[in-house]
Amino acid sequence: MTSWLEDQLRDALTADAEQIRPETLRPAGPVAPRTIVRKRRFALAVPFAAALAVVVIGTVAAIVAGTAGTTPAGPATGTLAGPRFLLIAGNDGVTVHDARTGKVTSRLGLPPTPQGSFREPGGYLLAGAGDGATFYVAQSVQSRETQVSSTRFYRARINEQGKQAELVRDVIPEVTGTTASSLAVTSDGTRLAYSLDGKVCGQGKTLRFCPGAQLTVVDLPTGTTRRWTTNAAEQIESLSWTADRRTLGLVVKTEARILDTTAPGTTLAAGQVIAAGTEVTTSTISPDGRSMLIGHTRPPRYTIDEYSVPDGRKIRTLVDRRHDGDSMARWNLIRYDATGSHLLLGGNFEPLSRLDDGRITPLIGPGTPQPLGARPEIQAAW
């Protein structure tokens, strides 16, 4: 590519030089002003375009050097397919964004977050059916006075103009006691999964889990529920469904797992571990259930790797980044759309982006750095 570019620049400069004649430098008679303007524009156009090509190609090459198998600059936004809209949660509420450009189209009419201590950002968890139109929002708050957490659940529908068409409160009963840590809904909107943090109670010889982290799946049409528990106080995160509404992907104890929600049992120990022995920050299972994307942190690199679900074999590294700062960089958001053809990606040092056919398109930049240099996690769904 370098040799070809040099030849093109050489030919362009030679063609430009051939436009210069003694008579153009010292014209023998009056020259119409528009003729002078046209010749000056032509003389400047080729070198300027050539210089611009060098800058663009050099910039893209430098960025691609830090990425494995992907190109950071995505296609023109008008050509992007997939869901049309996405939700993003922040400390000031939940906003609807154009999924092609990242621009805000509207704001959800959720009640303001009450005063208290809550999970960042703003105490919201988001889940989408993957179609850019149907979303669920969990709003968690922990009272400073009582230290008791409560979570309410909402369903929102977005119309073709990116505006709120519906907002339903308490689609399932309010949950109290511990903070919700993850949320997922099936692509047909019939099964909602959420997890609750575990707690440690007592002290000394009475120290115990009461209870451990919990996973709940609700059949929305009937209201029936089923629960699984762990014996640890750690969070259950990164919930994601397969298209058959049967299998859940999740992360617990820094392990990526899958759980057959139709199989017997009430503990997460019955689930299958994917990529055993690796430190996982986030994951998502593909709609067809054949593979799982897993975010790893191995300083100074942080990657997104694809694994085969049947045998746990690593298939490839999808995205590879390097971070040399004092704060640990990590991926905290990976979400497929309903078709499995498009991805949302985000990290504490990465903009919220979408991945389409191997090309990354940044949508929203990471938030303001926190005191220790890390950036807040991005909550988003489509």
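Reader: Is Arg-245 buried, partly exposed or exposed?
Author: Arg-245 is counted as partly exposed, because its relative accessibility is 35% (under 20% is buried, over 50% exposed and in between partly exposed, with a 1.4 Å probe and protein chains only). The model is predicted, so local features need pLDDT of at least 70 and side-chain atom pairs 80 or more, while totals for chains, interfaces and linings use all residues. Residues are numbered from 1 along each chain as its sequence is written, and side-chain values use heavy atoms, without hydrogens and water.

Reader: Where does Arg-245 sit, then?
Author: Arg-245 belongs to the loop that runs between strand 15 and strand 16 (strands are DSSP runs of E with at least two residues, numbered from the N terminus). Although Arg-245 is not a glycine, its phi is positive, at about 65°.

Reader: Which strands make up the open sheet, and in what order?
Author: The open sheet has four strands in the order 15-16-17-18, and their pairing is antiparallel (two strands pair if DSSP finds at least two bridges between them). Strand 15 and strand 18, the latter covering 272–274, are at the edges with a single partner strand each, so one side of each has no neighbour in the sheet.

Reader: How many bridges join strand 16 to strand 17?
Author: There are six bridges between strand 16, which covers residues 247–252, and strand 17, which covers residues 255–260, and the two run antiparallel. Thr-247 has Asp-260 of strand 17 opposite it, while Val-252 has Glu-255 of strand 17 as its bridge partner.

Reader: And what lies between those two strands in the hairpin?
Author: Two residues separate strand 16 from strand 17 in the hairpin, and Lys-253 in the turn has a positive phi of about 55°.

Reader: How does strand 17 connect on to strand 18?
Author: Strand 17 and strand 18 run antiparallel and are joined by three bridges. Ile-258, for instance, has Gln-272 of strand 18 as its bridge partner.

Reader: Changing topic, how many aromatic pairs are there?
Author: The structure has two aromatic pairs (ring centres of Phe, Tyr or Trp, its six-membered ring, within 6.5 Å; planes under 30 degrees apart are stacked, over 60 edge-to-face, the rest tilted). Phe-153 and Tyr-194 make a tilted pair, with 5.0 Å from centre to centre and 45° between the planes. This pair links distant parts of the chain, since Phe-153 is in strand 6 (residues 149–158) and Tyr-194 in strand 10 (residues 191–196), 41 residues apart.

Reader: Are Phe-153 and Tyr-194 buried or exposed?
Author: Phe-153 counts as buried because its relative accessibility is 1%, and Tyr-194 is buried too, with a relative accessible area of 5%.

Reader: Which residues form the other pair?
Author: Tyr-302 and Trp-331 form a tilted pair, with 5.5 Å between the centres and 45° between the planes. Tyr-302 lies in strand 21 (residues 301–308) and Trp-331 in strand 23, 29 residues apart, which again links distant parts of the chain. Both Tyr-302 and Trp-331 are buried.

Reader: Where is the cis peptide bond?
Author: The cis bond goes from Pro-299 to Pro-300, with omega near 5°, and Pro-300 is placed in the loop between strand 20 (291–298) and strand 21.

Reader: One last thing: what is the phi of Asp-357, and is that residue buried or exposed?
Author: Asp-357 is not a glycine, yet its phi is positive, at about 50°. Asp-357 sits in the loop between strand 25 (350–356) and strand 26 (359–364), and is exposed, with a relative accessible area of 77%.
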